Amino acid sequence: MNSQLRQLPQVDTLLHSPAIAKVIDACSRQEVIDALRDLLSRLRVDILAGHAAELPDFAGDRFAQGLHAQILKARAPNLRAVVNATGIIIHTNLGRARLAPEALAAMQDVGAQASNLELNLTTGKRGSRYDHAEALICELTGADAALIVNNCAAAVVLGLMGTAMGRKVIASRGELIEIGGSFRLPDVIAQSGAVLKEVGATNKTRIGDYADAIEDDVAVLLKSHTSNFRIVGFTASPAREDLAKLAKDRDLILIEDLGSGVLIDLSPFGLADEPVVADILKAGVDLVMFSGDKLLGGPQAGIIAGRADIIAQLRAHPLLRALRIDKLSLAALEATLRLYRAPNDPLTRIPVLRMLSEPLPTVQARADLLAGMLHDQGGCEVSVAPSAAYVGGGAMPQQDLASFAVSVSVPDLPADDLAKALRHAHPPVIGRIHQGRMLLDMRTVTDDDLPRIAAAFNAVTAP
Ligand SMILES: *Cc1c(COP(=O)(O)O)cnc(C)c1O
């Protein structure tokens with residue numbers, strides 16, 4: 001063992017070998033040093049553990065080629081595409097909504113070339129980035145005006161800063177949510193410079209609770225979507241219409257943080273609980289905020305829609321600049337919104353909506369197809385089983401969608417190890433583990449993903 005340890009060369013010595021000098025020419029010196037250190041330390045661990053095979057010929061071409069290959073592999077981007085086989089359509093850890101080809105094309109266009117981002121082509125004068133998609137949002141939601149910012153969290157912060165700074169915001173105790181990444185509504189209200197006034201109880205808040213809490217320094221009634229949880233049983237909350245009437249009578253602003261805004265009725269797919277933005281505005285809500293990359297199916301963005309006078313105030317806010325949307329997201333958002341217009345059918349054109357509305361037999365057929373591919377390839381045990389998929393992204397946390405999964409196991413490989421190996425495939429495949437088997441849900445993958453999944457299994461099971 002010690003003699004093998006002594007045979008390990010110094011990194012400095014290796015850098016002078018002619019074969020390795022060639023690798024330095026092809027990459028960078030630092031990359032070669034890092035790769036050599038990594039390799040030598042792994043060999044040292046193997047030797048100490050007593051299972052090192054023969055040492056390589058460190059001066060040889062083969063060693064240098066292996067080193068080069070390792071460096072190229074380490075150069076793969078950190079942020080890259082994966083296959084989402086989790087069954088969670090809007091998965092925040094996996095990048096949320098997949099974009100439609102039209103949205104990608106718009107990003108390509110506006111990214112590769114100069115654009116009229118802030119140029120009014122009619123007047124030749126300075127224009128506003130906020131104008132490009134505003135009319136489209138108004139058309140699709142019935143709003144009088146709209147403003148787009150970086151994400152829904154930014155929309156909520158801006159909305160509160162612009163309407164309630166230094167004044168009070170009334171919110172129900174049952175709606176003071178925390179969503180992922182420690183966005184806590186009470187803290188956000190405080191950071192916006194407003195003062196939270198909680199009303200009601202966790203499970204029940206009545207219109208009278210809001211009315212009783214109104215004093216001189218109240219500016220806003222805030223309603224929020226309880227995205228990732230449900231209170232069930234003995235519950236009550238006032239109708240939007242009643243809140244709207246109260247706000248109007250007392251000259252307050254009614255704001256709703258909707259999170260995952262939907263633009264079309266999704267009740268035919270068993271998703272009746274998700275309110276449509278247009279209906280919320282019709283009920284009298286003054287401002288509604290929602291995400292671009294949840295059920296809308298577009299890029300990361302936060303949309304504020306509602307009363308023109310308040311939106312004008314927010315547009316003039318000095319911190320708007322810090323929250324603004326970038327041109328690529330804006331291009332993708334505008335293109336996605338256009339897919340909601342007739343004669344387009346958003347249910348087939350927008351990936352998120354296509355996944356959640358796909359008929360079950362189509363999902364099952366995809367499962368059968370993948371199972372056949374994996375079976376033919378060999379090396380694993382495959383079956384097709386009914387499964388439950390979820391919308392994710394804070395919408396409809398209890399509501400599952402009927403789905404089918406391919407259930408796979410590899411002999412002598414525990415499910416955790418299989419999951420790990422699949423995460424290291426190119427591209428990585430992310431599924432879920434259930435009762436010791438790997439489940440690949442077919443509602444969140446496309447037909448294009450199937451060969452990628454098959455290739456990942458091939459890399460894992462190939463002898
Ligand atoms: C998701 C969500 C947000 C935050 O949206 P982002 O676009 O991720 O910033 C805010 N409020 C609610 C109710 C949400 O569900």
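Colleague: What volume does the largest pocket have?

Modeller: This is a predicted model, and the pockets in it were found from the protein atoms alone. For the largest pocket, the computed volume is about 710 Å³.

Colleague: Which element gives the largest share of the lining of the largest pocket?

Modeller: The lining is made up of 24 residues, and those nearest the centre of the pocket are Ala81, Leu94, Gly95, Ala97 and Arg98. Two or more lining residues come from each of the elements β1 (83-84), α16 (351-357) and α19 (449-461). The largest share amounts to three residues, and the element that gives these is α16.

Colleague: How many residues of the lining of the largest pocket are nonpolar?

Modeller: Sorted by residue type, the lining of the largest pocket holds six charged residues and five polar ones. The remaining group, the nonpolar residues, numbers 13.

Colleague: Which pocket is the space taken by the ligand?

Modeller: The ligand is surrounded by a shell of residues that includes Arg96, Cys152, Ile177, His225, Ser291 and Lys294, and both α8 (152-164) and β9 (253-259) supply at least two residues of this shell. By type, the shell divides into three charged, five polar and four nonpolar residues. The space that the ligand takes is the second largest pocket.

Colleague: What is the phi of Arg96, a residue of the shell around the ligand?

Modeller: Arg96 is found in the loop between β2 (88-90) and α6 (101-112). Most residues other than glycine have a negative phi. Arg96 has a positive value although it is not glycine, with phi near 55 degrees.

Colleague: Where does Pro343 lie, and what is the omega of the cis peptide bond that joins Ala342 and Pro343?

Modeller: Most peptide bonds are trans. Pro343 lies in the loop between α14 (327-338) and α15 (346-349), and the cis bond that joins Ala342 to Pro343 has an omega of about 5 degrees.

Colleague: In which loop does Pro427 lie?

Modeller: The peptide bond from His426 to Pro427 is cis, with omega near -5 degrees. Pro427 itself lies in the loop between α18 (415-423) and β14 (429-430).

Terms used
Residues numbered from 1 in each chain as written. Predicted model: local features only at pLDDT ≥ 70, side-chain atom pairs only at ≥ 80, totals over all residues. Heavy atoms only, no water. Near = heavy atom within 4 Å. 1 Å grid on protein atoms, 1.4 Å probe; cavity = no way out; pocket = protein on both sides within 12 Å on 5 of 7 lines; lining within 4 Å. Sits in = over half its atoms within 2 Å of the grid points. Helix = DSSP H or I, 4+ residues; strand = E, 2+ residues; numbered from the N terminus. Nonpolar A, V, L, I, M, F, W, Y, C, P; charged D, E, K, R; others polar. Points joined across faces, edges and corners; volume = space filled by probe spheres on them.
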